[in-house]
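This briefing goes through one protein chain, from a single contact set to the chain totals. Please keep the sequence and the model open while reading.

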Amino acid sequence: MGTGKICLVAFLVLALSVNFSSAKKAKICDRGWECKGEYCCNKTISEVFNVDQFESLFPKRNTPIAHAVGFWDYHSFITAAALYEGIGFGTTGGMLSQQQELAAFFGHIAAETTCGYGVATGGPLAWGLCYKEEMSPDQFYCDQSLLYPCAPGASYHGRGALPVYWNYNYGRIGEGIKVDLLNHPEYLAENATIAFQAAIWQWMTPTKPKQPSAHDVMVGKWVPTKNDTASFRLPGFGMTINVLDGGLECGKGDVEKMDRRVSHYLHFLDLMGVGQQNSGLNLDCGQQVPLNPVTDSTSSR
């Protein structure tokens, strides 16, 4: 056998050896309903949550009496969500965890933007995404701020899927999503993708350092401290209420808006095929001490 043939045989043996070694170490992921394998292979949001599910969650948003007809749509949500999949939004912990997080996220949005009432056609839980901004605001929500000064003539009333109030919140969230919301707060009511992006950013971002985000709570990444436990702040949907609006809704027993959030979350779990039996514990925050108490008239967002 010539030298060339010997080299070729040796190369092929080495290549087979490397491939065999790599095959033995290949990561195997589990795409089942619950991620039980050593390596989780989470689906994308569009695989977990499709346009038909979006329509079932928000069936009344384009009725003639709604206040944001033609504004909210599935494509805008998926476009915004794709920007956050890489850091875990809707893609953490296997299919069940993914579905729970999306039901929780949309539960908050529906509760904030509903125009449903007790005898509403389709039931009061069918009217989420009825609004895109506060109607007839009675103030500009402009507060003195060196970091986020109000733009001349701008109104910082509630806009978006998780409504944003006050200039300093528009400024902070705008920096987070790299959109100039401080000088152009109207973007949240003009572009549904930006509105969803701002809502997801709020969901993924702690209000203050060393506090959890709603995402961390919902996917099990948050571990309560001794102080949290003593304050009745425990993992569950109720803690996401505390993170997002606890100063106004938590630690006060039964509060209508808090109850509305819980009702939407449970309803959406059913509509998404997960079922209320998989809602988890600690659904409300009625007994929880607020993370960020509100001491004046300002909204926690």
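Leaving aside its neighbours within four places in sequence, which residues is Asp 228 in contact with? The contacts of Asp 228 beyond those neighbours are Trp 222 and Arg 233. The model is a predicted one, and its protein chain holds twelve helices and two strands.

**Asp 228**

- Asp 228 sits in helix H10, which covers residues 226-230.
- The relative accessible area of Asp 228 is 8%. Because buried means under 20%, Asp 228 counts as buried.

**Helix H5**

- Helix H5 spans residues 95-113, a run of 19 residues.
- From first C-alpha to last, H5 reaches 27 Å, close to the 27 Å expected at 1.5 Å a residue.
- H5 is mostly covered, with 19 of its 19 residues buried.

**Disulfides**

- The number of disulfides comes to three.

*Cys 115 and Cys 130*

- The sulfur atoms of Cys 115 and Cys 130 are 2.0 Å apart, and the two residues form a disulfide.
- The torsion about this S-S bond is about 90°, so the disulfide of Cys 115 and Cys 130 is right-handed.
- The pair links distant parts of the chain, 15 residues apart. Cys 115 lies in the loop between H5 and helix H6 (167-177), and Cys 130 is also placed in the loop between H5 and H6.
- Cys 115 has a relative accessibility of 18% and therefore counts as buried.
- Cys 130 is buried as well, at a relative accessible area of 0%.

*Cys 142 and Cys 150*

- Cys 142 and Cys 150 are joined by a disulfide, with 2.0 Å between their sulfur atoms.
- The link of Cys 142 and Cys 150 is right-handed, with 120° about the S-S bond.
- Are these two cysteines, Cys 142 and Cys 150, buried or partly exposed? Cys 142 is partly exposed, because its relative accessible area is 42%. Cys 150 is partly exposed too, with a relative accessible area of 23%.

*Cys 250 and Cys 285*

- A disulfide is formed by Cys 250 and Cys 285, whose sulfur atoms are 2.2 Å apart.
- The torsion about the S-S bond of Cys 250 and Cys 285 is about -85°, which means the disulfide is left-handed.
- Cys 250 lies in the loop between helix H11 (237-249) and helix H12 (256-271), while Cys 285 is in the segment after H12, so the pair ties together parts that are 35 residues apart in sequence.
- Both Cys 250 and Cys 285 are buried.

**The chain as a whole**

- In what order do the elements of the protein chain run from the N terminus on? The order is α-β-β-α-α-α-α-α-α-α-α-α-α-α.
- The protein chain has 301 residues, of which 48% count as buried.
- Among the contacts in the protein chain with a separation of 6 or more, 65% are accounted for by residues 24 or more positions apart.

Key:
Residues numbered from 1 in each chain as written. Predicted model: local features only at pLDDT ≥ 70, side-chain atom pairs only at ≥ 80, totals over all residues. Heavy atoms only, no water. Helix = DSSP H or I, 4+ residues; strand = E, 2+ residues; numbered from the N terminus. Buried < 20%, exposed > 50% of the residue type's maximum accessible area, 1.4 Å probe, protein only. Contact = heavy atoms within 4.5 Å. Expected span 1.5 Å × (residues − 1). Disulfide = S-S within 2.5 Å.
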